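Please look over the model shown here, and then follow the paragraphs below from one chain to the other.

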Amino acid sequence: MPSNYDEDLTRRPEGAAEASTAQGPTSPAVGRDEWVARHGERVARRSGWLGTLETRLHAVPWWAWLTLLVATACLIPVFSDSGYVRRVAFDTVVFMLLALGLNIVVGWGGLLDLGFVAFFGIGAYAYAMLASDQFGIHLPSLVAIPLVALIGFVAGWLVGLPSRRLTGDYLAIVTLFFFQLFLTFTNNGDDVFGHSFTNGPNGILNVDELSFFGRSLSTTTSQGQFAISYLYAAVVLFGLVYVALHLLNESRTGRAWRSLREDSLAAELMGMPVNWLKLLAFAFGASVAALTGTLSAALNGSVFPQDFAFPLLITIYTMVILGGAGSQLGVVLGAILISVLLEVLRDPGDARSLFYVLVLLGLVGVFRLSRRLAVVLGGTIVLGFVARSVAGSIDDRWTAGVPNGGGRLASWAADWVIVPTQLAGWIAPATYIGLIGLVLALTLLHGWLRIALLVPTLYLAAFVWENVMLAKPEPTRYVVLGAILVAVMVVRPNGLLGEKRVEII
Amino acid sequence: MAEPLLELKGVSMSFGGLACVSKLDLFVGEGEIVSVIGPNGAGKTTLFNLVTGVYEPTEGDIRFAGESITGLEPHAITRKGIARTFQTLRLFLNMTVRENVMAAAYGHTHAGPLRSMLRTPGQRREEREIRALAEKRLAFFGERLMGYRWDQPAYSLSYANRRRLEIARATATNPRLLLLDEPAAGMNPRETQEITELIGQLRKEGGYTILVIEHDMHVVEGISDRVVALDHGVKIAEGSFGKVATDPRVVEAYLGTGGMARK
């Protein structure tokens, strides 16, 4: 290649100059572009404090966010000495790690991997086998953890091998089958040609605690509470994985992954070995999942097949999609939100506060601070008191019920919402279906009619929430999670921090 | 005639028994600009797909720089020095303009995942080189693909700029042979004039051998050392633009036999 090409390409090509003089002033000057030269005048920014905030937030570097996250996680024990809160923090970090792993495969590689949880399971089982009485092996953690990461890497590679030519639905179904295979094997692994590998549904018990330099980290404190050292171990692992993956993404390999997600044929023709890169994405995702499995197995001291079920897969996918697949910070944020939400919704008192705050935020988001907001809010509150006093004057028992769970809002809610002592059997399904009907009707109406209908809808929603949903917190968690997911996806189809994506123009 | 860089010998390709390219012989000399013309469906893009390894020929042999590349995977062919653009643009739309070009340097760079995660000095140096290469390749198109555009997503570009970006991306693979599939399609007369000049410039400054598919006869006339005309997968004429353009078989392929007129 002639050297002048690589030395200076910015100068105006000579050939172009000759051509333009030969053909008069109308011929184009190569590379002139007024549009580009004056782009500064056309940059669109949101005005006001929101716009300023947006610009400022975009300028914060990734490591600052990471530091903030790690610092917050480490400070949790300072603010709360409750073993429950600390344990939830640990589980959240585990979810953050899993979301980071899935993000490699789904967010960067664009591969729909429904077998992801199996690699989490493989990691947990591998650690359990390498550090327990199962085979009489007791490896120290500094040996076992890298070894498990390697096992996960190889497992991901092997699963990728037969599926590397598949994309989309086909890949999804093959990996889903692999997941099922994993569950079947762990459940029936107590008798493999007469040998017991996994102890079947009984699981592997008495798994070693993490141990570094001969000192083992106890999983519980002297009071039998969750030991904080495991939270720190998880946070350290999270920080390392986050940095490593960020650097990987900002490299030749990361660019190639994103290229094959965008257009795998074009990537292949631009010199990127697409099949190899897919295997690599699978293997890295699996490795992170397996690594996370060690934490989980070591803390619980046991592994069972049912720890790695389909709901876990769905939860991790929800985190990645809600946060914005492809954005590391996004999926971590998704993991924190979902994990904390699922915990908050366990307690009816906390769930109640969350519900009313979300409804209020939603209304403000839709109407802003306008007259219509005042009408809707005022109307709903007045309707509540009127309806309650009317119901109370007909029959005392209709309003004499006690709201589910405690919390500051409970007594206030009991003064406003009709809470009967005994709910007739038909009321729960009738109001629930009625609420769905009202919401659907709302989407068909416009203008003041919609606002007029919104008032009874909100009150009915509060009634259903207090009497039906809070009475059964467990299914309610997932219903609310689903509703939040739908709402977020409508407002931000690419997830909270996902970049705007364009498929075809 | 210069040393043949690309040589096709008796290459045939059929899809489900339908011959799309049959017994095609073609050669492109080092440093030449050769245009392939022909009506739609003549097999021009199939020819490109055969050369770049998207399809494997059902018959015949394709040789590049003296060695057979038949049956190699596309990325391996690209690494040997053949790069292409696409008739229907295939950019990495949700990546930035600079990243599009940087990604194409994959084939001739080496830092693996482990070195990337550890940010070794060698990897950092290579990364700087890739970045500089990408910016240089984009700078070839003057201001159009420079400055703030580097960090814009590719989907924000206009159609003509996307065509330019595709060429920049292809050159970032450091090819010897550049295959351009309708580089002037969808461009206005000014831009067409500009692309004609740029193709000459690419050979002069980059030293690439160029095989180009083009429908715009002004472009073909302006750039070609040699023109090859295809129809129904068969080479019907070859030679200078003047000779091919007036060849009765080429005229017939484009305009029909005139059977209606005779009636």
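Strand 7 of chain B runs parallel to strand 8 (residues 209-213) of chain B, and five bridges join the two; strands here are DSSP runs of E of at least two residues, and helices are runs of H or I of at least four, numbered from the N terminus, while strands pair if DSSP finds at least two bridges between them. Within this pairing, B:Leu179 stands opposite B:Leu211. Strand 7 of chain B is also joined by three bridges to strand 6 (residues 82-84) of chain B, again in parallel, and there B:Leu179 faces B:Arg84. Because five of the five residues of strand 7 (residues 177-181) of chain B are buried, this strand is largely enclosed by the rest of the structure; buried means that 20 or more other C-beta atoms, placed from the backbone, lie within 10 Å of the residue's own.

This is a predicted model, in which local features need pLDDT of at least 70 and side-chain atom pairs count only at pLDDT 80 or more, whereas totals for chains, interfaces and linings use all residues. Residues are numbered from 1 along each chain as its sequence is written, and chains are lettered from A and ligands numbered from 1 in the order in which they are written.

Chain A averages a pLDDT (the predictor's confidence in each residue, from 0 to 100) of 85, and 90% of its residues score at least 70. Confidence in chain A is lowest in helix 2 (residues 14-22), at a mean of 39, and highest in helix 7 (residues 116-130), at 95. Where pLDDT is low, the predicted coordinates should not be read in detail.

Terms used:
Buried ≥ 20, exposed ≤ 12 C-beta atoms within 10 Å, placed from the backbone.
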